[in-house]
Number of protein chains: 2
Amino acid sequence: MLRRLDSADAGFDAALDELLAWEAREADAVAQEAARIIDEVRAEGDAALLRLTARLDGVRVQCAAELEVAASELERSFAALPGDDRRVLQAAAARIRRYHEHEPTGGFEMRDEFGNRLGQRVTPLDRVGVYIPGGQAAYPSTVLMTVLPARVAGVREVVAVTPTPDGRQSQHVLAAMHVAGVDRAFAVGGAQAVAALAYGTETVPKVDKVVGPGGAFVAAAKRLVFGPVGIDLIAGPSEILIIADGSAPPHWMALDLFSQAEHDADAQALLVAPDADYLDRVEAEMRRLLPTLSRAELIRESLAARGAMIAVNDLAEACEIADRVAPEHLQLSLREPDAWLDSIRHAGAIFVGSWSAEVLGDYSAGPSHVLPTFGTARYASVLSVADFQKRSSIVRAHRNGMPELGRLAVKLAEAEGLTAHAAAAAVRLREHNAAV
Amino acid sequence: MLRRLDSADAGFDAALDELLAWEAREADAVAQEAARIIDEVRAEGDAALLRLTARLDGVRVQCAAELEVAASELERSFAALPGDDRRVLQAAAARIRRYHEHEPTGGFEMRDEFGNRLGQRVTPLDRVGVYIPGGQAAYPSTVLMTVLPARVAGVREVVAVTPTPDGRQSQHVLAAMHVAGVDRAFAVGGAQAVAALAYGTETVPKVDKVVGPGGAFVAAAKRLVFGPVGIDLIAGPSEILIIADGSAPPHWMALDLFSQAEHDADAQALLVAPDADYLDRVEAEMRRLLPTLSRAELIRESLAARGAMIAVNDLAEACEIADRVAPEHLQLSLREPDAWLDSIRHAGAIFVGSWSAEVLGDYSAGPSHVLPTFGTARYASVLSVADFQKRSSIVRAHRNGMPELGRLAVKLAEAEGLTAHAAAAAVRLREHNAAV
């Protein structure tokens, strides 16, 4: 069902490297096609957007305004849901909002010994574009997990885009847009949607940053528009790594691995344990439970391609392997998870203890489920309020405190051969000295 | 000397757009050559790095180890400087370090009403690469402004690279590396240096993130390696926008504009004022002072190409224009700058009051001088401790608090058609319910 590795084997390091291999840069053909699409939208605006949406999504409309989904339509989608579905969306939204309201967001100010005041000001972005995948899968949860941190940050205008191939709209996605409070929504997707957000068209407003997950064309387009607009991260396949000491029921672990594997064929589910018998028991549960799941074929495929059980000597070694993987999701399904938490340096989200199933993080715990994948947790972060803010430095030189800064600046500017820099500092120094 | 715009003119908006126009994406030829270089270094490691460094920088060595600049050599460069230069580097470093130590860096933990604990953990990156431009200009200040925030963040290993065309090393740059405390330094540059940091070679260690300014090839390479490694931002030409009410001596403004314009031919210096007579007086001072500066030719060129004085109706309009420009550096050379600070939304660094010359920010005030350019201050931030940290979510579901999260997760997973997700939550719910 899925490969078994043992850290004691001679070829283990190479086998693990091979298992984790993922080409992060999009294929040249994808990148070139994305670049062509971007250039078309940039040059022709709405006309290109209409043409590309007709060609790639099979959605044919007369004018770009028809691609906009009105606020009233979002509200109608929400109102049309069963009452229980409405309450669940709102309850999840309330939890996600509250979590993000706890994020520290302040700047600071300090005063040096010369009376100069220096600080940092933190302010929200003006306008943000959120990409919500659509088509084969529709994820209302992703709407909440991207729009709400932006709203908490104080972003003035949130513009959501989502493809509707052949006109298929997800009522849940539209309803989630209503609950999260997007300002404008457009039924466009792919590289053309990213281009429209990055450069603006007659109908789609230009945004300051594009966030949200997407496929290879969206990833390639985000890479290319980075500069004129900000982007969050280049998304790759989703992963989970579970460290288990055998204290959790094996069928829990089986379902946790499945819930990662059912995302897509590239998803990666890894279970690391010092107890080989336990791995056998989890695998037996996997065999028993797999037929009960609607996506069994996909799960089988992704487990065979990229899944693994890894037997290790002890939990310390399990933590080392987790750090090597730097997984998007890390479950510490351990009797004493806190004893090991500090041994973990790299993970997008950490689920502490067996009751903390990764699925809770996908939907309802509170933190955004937009997380760094394929090892980028080594440097990248969970989507947060901070991603919708920017920091500006504030420098207030005091008349009597400026000379100290000025003298250093003159000397360093001279060392760098920048005489205008030196003169701009020196002229103030001279006038200060003349006055005292 | 530099163009004059008036916000009351009919064509003002178009003229301002034209003045600010900057193509952020690198030219296709540059991007393709950068991609080729990256592929060579990735495939061949040191061999490619040696070949490219010989070809592009004219530096020919036998083995890649010779490209490393030993810590002892950095220290010797520092020791060889005049005592005053050593003290200035150390004093500037102390100020920059202290400023960054004030940055808020903590995570948080909250507890919901069900006993679940949710939080965010903030940890430093393991290994960072810092690109220091070299060759025509050598900027020891950039070493301090990039390495010190990384050190304050707690990065374990900082690797610096800097090109040494034809073997020309800057003693000040090497000395600054010693003062800032880089762990390893390599005399390589360009796209090949970015590739070596991103993928590692036999000699150059793979890093988690590459930061620092560079030319078009460095920018193109950073864009391409984003994913396997993090990057800070895509750097463009440097800008200043000064809002002046006429209270600052005109020759101060002249020198502040020059100190921006002397960076390179694409640098942009803008002066915005409601008083046209004042603009005349500043221009007269510019004519008088320009011949005294060593880079007069370059200053003349960049002012003619991209500089401007802009007459406005009032300071409110000046602030609106500043927000449209979203400049890297904004000087509020005003009698009452604090009255206007809140009117400004977008700027990389704000210099408050006439004594706060931008040049102080370049060298000695404290905040990093690595700032978002060409309008990217709309979404991007000054280089900070936060750029060398990452945030991980922490989810600790409590046995008795998990059911609330689980019920929401089951419903949302069902709405998304993800039955394994629903099952992973449901199995815990059932066992919790069976136990109580």
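This is a predicted model: local features need pLDDT of at least 70, side-chain atom pairs count only at pLDDT 80 or more; totals for chains, interfaces and linings use all residues.
Is B:Ala80 buried or exposed? B:Ala80 counts as exposed, at 60% relative accessibility, where buried means under 20% relative accessible area, exposed over 50% and partly exposed in between (1.4 Å probe, protein chains only). The residue B:Ala80 lies in the loop between α4 (71-79) and α5 (83-101) of chain B; helices (H or I, at least four residues) and strands (E, at least two) are DSSP runs, numbered from the N terminus.

Residues are numbered from 1 along each chain as its sequence is written, chains are lettered from A and ligands numbered from 1 in the order in which they are written, and side-chain values use heavy atoms, with hydrogens and water left out.

**Chain A as a whole**

Chain A has 17 helices and 15 strands, and its C-alpha atoms fill a box of roughly 85 × 60 × 45 Å along the principal axes. Of its 436 residues, 64% count as buried. Among contacts (heavy atoms within 4.5 Å) with a separation of 6 or more in chain A, 74% come from residues 24 or more positions apart.

**Buried residues**

A:Glu358 belongs to helix α15 (residues 358-363) of chain A. A:Glu358 is buried yet has no salt bridge, and the nearest side chain of opposite charge, B:Arg428, is 8.9 Å away; for charge, Lys and Arg count as positive and Asp and Glu as negative, with His and the chain ends not counted. The side chain of A:Glu358 does make a polar contact with that of A:His329, at 3.0 Å. A polar contact is a pair of N or O atoms within 3.5 Å; within protein, one must be able to donate a hydrogen and the other to accept it, and residues adjacent in sequence count only if both atoms are side-chain atoms.

A:His421, in helix α17 (residues 419-435) of chain A, is buried with a relative accessible area of 0%. Its side chain makes a polar contact of 3.1 Å with the side chain of B:Asp362. Leaving aside neighbours within four places in sequence, the contacts of A:His421 include A:Ala413, B:Ser259 and B:Tyr363.

Most residues other than glycine have a negative phi. A:Ala326 has a positive phi of about 50 degrees although it is not a glycine. This residue, A:Ala326, is found in the loop between α13 (315-325) and β13 (329-333) of chain A, and is buried, with a relative accessible area of 0%.

**Salt bridges**

Some pairs are listed below.

| Pair | N to O distance |
|---|---|
| A:Glu109 and A:Arg117 | 3.3 Å |
| B:Glu109 and B:Arg396 | 3.7 Å |
| A:Asp245 and A:Arg335 | 4.0 Å |

A:Asp245 lies in the loop between β10 (239-244) and α10 (250-261) and A:Arg335 in the loop between β13 and α14 (338-341) of chain A, so this pair ties together parts that are 90 residues apart in sequence. A:Arg335 counts as exposed, at 61% relative accessibility. B:Arg396, by contrast, is buried at 12%. A network of salt bridges links A:Asp126, A:Arg156, A:Asp208, B:Asp323, B:Arg345 and B:Arg378.
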